[in-house]
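Dear colleague,

Please find the structure below. My findings follow directly after it.

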Amino acid sequence: MNKKITQLIKYLNSSSIITILSGAGLSTASGLPDFRTNDQGFWKKNKPVHFGEFVQSKSARIKSWQNNHAIRASIKDKKPSLMHGYIVELLRKNKLNTHITQNIDGLHYLEEIKSQIIELHGSVFNASCLNCLKKYDPATFYKSKVKELGSTSCTSCNDGYVKTSTISFGQKLDEQQIKKATLASRRCDLFICLGTSLKVSPANQFPQKAKARDANLVIINREPTPLDAIADLVIYDDLDSIYEKIK
Ligand SMILES: [Zn+2]
């Protein structure tokens, strides 16, 4: 067997707490594009709405809801990949294992492990009022309010706008999620990056935080990343093909 795979299996078996950081590469096996990357097909057809526009303009808010509805529609028939399944098993093994993800597609999500998942860029399957934080089911809200009444107002406080929890361009990330991800990075003894280019901050800071606390750092991606030089193990491959070798 490939030396690198042997080393990966050794790390997986000998580590006590594992933190995973995933990016778009985790969902490509499920047939999804990278929704955050501006030059991909989706955003060519659907103009992204900047957070500033969302707050200021009604038509921008409607457009933002239409975009997110289109993303949810494109995910509807997609299934989690083999590597998604493997990560779920890792989380089930130890309550301290954590999955930090940049993905908004929810394919990594299961109710039973939700406290171990950190969605840095939010999820298209959550929505809340920007003012009172009341939570809404986005599919229901889109159908009954946005489409039916042309409104994005909160029915609870009547003062705020309801927004899908995905982080828009120009919108700050959730501080609580960053704190949780920092904690998970500092306490693990194995940190694995899966299918992420590690070019986006703050996501790319978490592996460095783990490394600073002497965790072993593994990077698995199709292309080289800026953090390859500090990693203990780097593998350039598709995630589902790695899964076949380590399962
Ligand atoms: Zn509200």
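Strand 1 (residues 18-22) pairs with strand 2 (residues 98-101) in the parallel sense, over four bridges. Strands are DSSP runs (E, at least two residues), as are helices (H or I, at least four), numbered from the N terminus, and two strands pair if DSSP finds at least two bridges between them. Within this pair, T101 in strand 2 is the bridge partner of S22.

This is a predicted model: local features need pLDDT of at least 70, side-chain atom pairs count only at pLDDT 80 or more, and totals for chains, interfaces and linings use all residues. Residues are numbered from 1 along each chain as its sequence is written.

The open sheet has six strands in the order 3-2-1-7-8-9, with parallel pairing. Strand 3 (117-119) and strand 9 (233-236) stand at its edges with a single partner strand each, so one side of each is left without a neighbour in the sheet.

In total, the protein has 10 helices and nine strands. Its C-alpha atoms fill a box of roughly 60 × 30 × 30 Å along the principal axes.

An automatic or database domain assignment divides the protein into domain 1 (1-32 + 80-125 + 174-247) and domain 2 (37-77 + 127-164). Their centres, taken over C-alpha atoms, are separated by 29 Å. Five residues from domain 1 and six residues from domain 2 form the contact, where two residues are in contact if their C-beta atoms, placed from the backbone, lie within 7 Å.

Yours sincerely
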